Amino acid sequence: MCSNKWVLNVTTTPLFFLWSQLAIAAILFLISDALRLLPDRLTFDLATCKGLVPMVALNVVGLSFSNYTLKYVDASFYQVARGLVLPFTVGTSFIFLHSRPSLRILLCCAIVTMGFFIGVFLDGTPLSWIGVGFGVASSAITATHSVVIKQSLGVVGGSALALSWYTNLLSAVVLAPLLVLAGEGGDVLKLLFGVDELLVKPGVMSPLATFLWGSAITGVLGFMMSIASLLSIKVTSPITHMVSSAVRGVAASLLGMWLFHDIITTGRASSIAIILLGSILYTWVKHQESQSTSNSTPNKSTTSSRRGSYERVKVQDVESGEMKEKPQ
């Protein structure tokens with residue numbers, strides 16, 4: 001996040017910057033495959049691409065909105081602007097995966113939502129409402145995206161590596177014409193071939209050099225993080241993955257304050273703390289509910305004898321949308 005902000009502070013091409021990150025990640029996949037560094041060989045299948053259309057579309061829009069959010073708000077406020085990720089994820093899990101949240105889970109969402117409103121409306125620090133709007137939209141899309149990822153794993157045979165490869169490649173292909181339609185073509189040409197490079201003072205990094213270094217750093221990190229994120233969603237619930245993302249966001253906010261000298265007021269600090277508190281409380285509640293379900297579930301033979309052909313379904317299975325019919 002901080003590397004993205006570093007580049008976006010000196011350039012006006014957030015979509016081109018995103019495209020370069022995706023392209024670098026796709027190239028790194030090809031290099032790793034050529035050197036036999038990956039456990040499985042990369043493939044490209046048109047039928048698989050068609051099955052991943054919803055996920056790729058959400059990925060492109062979500063990442064674009066995230067970059068626009070970071071362009072318009074301070075690095076320390078980025079976590080607040082995207083503070084509704086957890087409530088949105090709980091909502092989308094309920095709608096698409098039929099995972100009904102408990103009252104305690106809803107309380108955690110209410111705490112997180114309260115933290116968001118404190119940071120936006122009660123802080124008193126001037127902020128960009130455009131950035132806040134992009135942050136809220138990005139949160140909603142990210143929440144939906146985390147659920148779609150769980151379903152999209154079935155399209156690639158459950159391989160997080162293959163899903164990451166297809167996502168980066170197809171997202172780069174889709175984003176290329178979109179950045180031109182968004183009007184960034186002229187800014188891209190100015191960045192790459194403009195005379196601004198000749199006007200840079202000695203000892204100061206030019207916008208192009210900043211862009212290239214930032215793209216390289218974030219492209220490599222994005223390559224590794226995309227695999228790690230998909231593995232996280234594969235082995236956990238979508239909501240647990242989003243909580244871990246929220247905690248990373250708080251750490252990034254503190255790092256942004258140190259690197260970019262952002263001012264964190266009492267209201268903004270309280271907002272971040274409340275969002276983090278709600279996320280941590282959710283993790284504890286979810287753990288307690290999982291333990292309670294495990295302890296209260298009878299063994300399979302007892303359940304079958306007492307309830308005929310019915311079997312209690314674990315909460316984790318409900319969240320992941322992997323409810324399977326019991327064999328007769």
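**Figure 1. Met205 in a predicted model.** Met205 counts as partly exposed because its relative accessibility is 42%. Buried means under 20% relative accessible area, exposed means over 50%, and partly exposed lies in between (1.4 Å probe, protein chains only). Met205 sits in the loop between H10 and H11. Helices (H or I, at least four residues) and strands (E, at least two) are DSSP runs, numbered from the N terminus. This is a predicted model: local features need pLDDT of at least 70, side-chain atom pairs count only at pLDDT 80 or more, and totals for chains, interfaces and linings use all residues. Residues are numbered from 1 along each chain as its sequence is written, and side-chain values use heavy atoms, with hydrogens and water left out.

**Figure 2. A nonpolar patch on the surface includes Met205.** Patch residues have over 30% relative accessible area and no salt bridge; like charges are joined within 9 Å, nonpolar side chains (Val, Leu, Ile, Met, Phe, Trp, Tyr) within 5 Å. A salt bridge is a side-chain nitrogen of Lys or Arg within 4 Å of a carboxyl oxygen of Asp or Glu. H11 gives the most to the patch, with 6 residues.

**Figure 3. The largest nonpolar core has 37 residues.** A nonpolar core is a set of buried Ala, Val, Leu, Ile, Met, Phe, Trp, Tyr and Cys residues joined through side-chain atoms within 4.5 Å. Phe29, Leu163 and Tyr166 touch the most other members. Several helices supply at least two residues each, among them H2 (14-34), H8 (129-152) and H11 (207-235). H9 gives the most, with 9 residues.

**Figure 4. Thr69 is found in helix H4.** Thr69 counts as buried because its relative accessible area is 0%. Which residues does Thr69 touch, not counting those up to four places away in sequence? They are Tyr78, Ala81, Arg82, Gly131, Phe134, Gly135 and Ser138. Contact means heavy atoms within 4.5 Å.

**Figure 5. Ala47 and Thr48 both belong to helix H3.** Ala47 is exposed, at 53% relative accessibility. Thr48 is buried, at 14% relative accessible area. Ala47 and Val155 are 108 residues apart in sequence. In space, their C-alpha atoms are 9.3 Å apart. Thr48 is in contact with Val155, Val156 and Tyr166, leaving aside neighbours within four places in sequence.

**Figure 6. Ser20 lies in helix H2.** Ser20 is buried, with 7% relative accessible area. Beyond neighbours within four places in sequence, Ser20 is in contact with Phe211 and Ser215. Ser20 and Leu175 are 155 residues apart in sequence, yet 10.0 Å apart from C-alpha to C-alpha.

**Figure 7. Two spans carry a UniProt "transmembrane region" annotation.** The unreviewed entry covers residues 6-31 and 128-148, among others. UniProt positions follow the numbering used here, feature names are shortened, and annotations may be inferred rather than shown by experiment. Residues 6-31 are 81% helix and 0% strand, with end C-alpha atoms 27 Å apart. Residues 128-148 are 95% helix and 0% strand, with end C-alpha atoms 30 Å apart. The chain has 15 helices and 0 strands.

Key. Areas by Shrake-Rupley, 256 points an atom, 1.4 Å probe, with all protein chains shown as cover.
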